[in-house]
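Open the model in your viewer and keep the selection tool ready.

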Amino acid sequence: MQLNEDGQKIVVIVWLVILATCSFEAYGRKLETNSGKTETKDSVLVKQIIISGNKVTKPRVILNELEFVTGDTLWVNQLGQFITRSRDNLLNTSLFNFVTITYSNQLDGTVIFHIKVDERWYWWFFPIFEHTDRNLSSFLESGDWSRMNYGIYLKRDNFRGRKELLKLRIKLGFSTQFSLRFDSPEYKRKTGWGMEVNAKAFNNIPFVTIENRPVFVSVNNEMSQFYYKSAVNYGLRTDLYQRHKLELTYEGYNVSDSIIDINPNYLTEGDSKMEYLSLSYQFKYDKRDSKVYPLEGTGFQLDATKLGLGVLNDKLDDWSLHLLIQQYAALGKRWHWGGVAEGRIGTSDALPYVLNQGLGYKTFMNGYELYVMDGVRNGMIQNKLLFTLLEPRVKSIGFMPLTQFAKIHYAFYLKAFFDTGYAWQSNPDPANDMVNSWQYGYGIGLDLVTFYDKVFSFNYSINKLGYHGFFVHFNLDL
């Protein structure tokens, strides 16, 4: 039986309501600590927390992720839950390869927790050689080796042992870039801040979308586009799983007149220069067992953004909301289900082409790796059914002198997936027939999950229009 568009919309709305209900029910649940209650034989007092293996990481960074603190009175039958959740939290910091939490009961009715961490390698310095396409499949399809970047990359994770992040990137080639980023999420335990400076120059850019694909153009004897960005943010962590962030951003574009001649809507109203301020607020709730490859738990994120504050005489004026809901659940010993709903709505009916990015840019549906769907309003639902082909295993590499790489973990998962999405666009080019129409893709795949947060996916996908193929994805973003 086939549903018309109204019927499909109703199904999607109902699905979102169910998913949101599950999310907020999980949001309301929290492990009880029995603090302040009279001790009984069914409860124990946390006497001490002993940490080992942290040669770089400050102890408070580890303590910040635990479901318990010294002095808490815990129900005995919940100790396993506290340990599992605390271990997941520590692994989700991306600071450790392995975490072990054990406890010992004392004769006086107290308990001592022992936490052992295996720290990762935190310094990264190596040359850059990368493609600039939206994903690997798009690059392989184009076969254009001129769209390669080279340069140097410096990254320091866990800077000063405080979970801080420092990044420096210098690139040449298809695009020229200098970027510097610093994030300090652990300042004064609950608050943090960050900053970013980014400058790019492109000699070849996509200037229009035709037949659902971006078309690239270059300008002789000059750069096609210069891009500048600077941002500062302030963060607040109200508990283990809730975070708030406020960010002020400046962005500027300077484009060759030749680009504006062939697409007057590339920036605002035929201008070759555009600059603006934006202010955004983000709320994030994340209680998934893994941020890299979750099998159970809930994630929720809401972003509210004001594009154009009127300070720089900019012509942009758009309010937007971005919503992301993630739900994962165990269906059996080796079976899991995962669902993701994501969407964006804005007050502007049209944005400049350079900002009018719907589906296929930062997020895409399976089966549509080679396509984009421009639109100021868009939504997507992804579902996958997982079977654990090989449960997580640990292997030691005897000849490896660096302890941070001497032991690895890996797991394999078979999956079947179904994605559907919609991008709304006013007055689209008739050649872009994927917009203003429900699209869907489905297929099967194999995922490899391994250490240092790496996931390799090998998928065979088919979309609504009958296009099909084998696609490879891996999260090697730096």
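**First stop: a pocket**

The second largest pocket has a volume of about 1,200 Å³. A pocket here is an open set of points on a 1 Å grid over the protein atoms alone, where a 1.4 Å probe fits, with protein on both sides within 12 Å along at least five of seven lines. Grid points are joined across faces, edges and corners, and the volume is the space filled by probe spheres set on the points.

This is a predicted model, in which local features need pLDDT of at least 70 and side-chain atom pairs count only at pLDDT 80 or more, while totals for chains, interfaces and linings use all residues. Residues are numbered from 1 along each chain as its sequence is written, and side-chain values use heavy atoms, with hydrogens and water left out.

Select Arg 87, Asp 88, Leu 91, Asp 289 and Ser 290: of the 43 residues that line the second largest pocket, these lie nearest its centre. A lining residue has an atom within 4 Å of a point. Elements that give two or more residues to this lining include α3 (79-91), β3 (96-105), β14 (273-288) and β20 (439-450). Helices (H or I, at least four residues) and strands (E, at least two) are DSSP runs, numbered from the N terminus. Colour α3 next, as it gives the largest share of the lining, six residues.

By type, the lining has 18 nonpolar, 11 polar and 14 charged residues. Ala, Val, Leu, Ile, Met, Phe, Trp, Tyr, Cys and Pro count as nonpolar, Asp, Glu, Lys and Arg as charged, and the others, Gly among them, as polar.

**Second stop: the interior**

Of its 478 residues, 47% count as buried. Buried means under 20% relative accessible area, exposed over 50%, and partly exposed in between (1.4 Å probe, protein chains only).

Which residues touch the most other members of the largest nonpolar core? Select Tyr 253, Tyr 266, Leu 267, Met 274 and Leu 355, out of 22 residues in this core. At least two core residues each come from β10 (204-210), β13 (242-255), α5 (257-262) and β14. Such a core is a set of buried Ala, Val, Leu, Ile, Met, Phe, Trp, Tyr and Cys residues joined through side-chain atoms within 4.5 Å. Another core, of 21 residues, lies apart from the largest one, and Val 44, Phe 68, Leu 90 and Val 117 are among its members.

Now centre on Met 274. Leaving aside neighbours within four places in sequence, its contacts (heavy atoms within 4.5 Å) include Glu 251, Tyr 253, Leu 316 and Leu 355.

**Third stop: single residues**

Go to Ser 94, in the loop between α3 and β3. Its phi is near 60°, a positive value in a residue other than glycine. Is Ser 94 buried or exposed? Ser 94 is buried, because its relative accessible area is 17%.

Asn 436, in the loop between β19 and β20, also is not a glycine and has a positive phi of about 55°. With a relative accessible area of 29%, Asn 436 is partly exposed.

Select Ser 320 in strand β16 (residues 318-330). This residue counts as buried, at 12% relative accessibility.

Finish at Arg 243 in strand β13, which is partly exposed at 32% relative accessible area. Arg 243 and Gln 301 are 58 residues apart in sequence and 9.5 Å apart in space, C-alpha to C-alpha.
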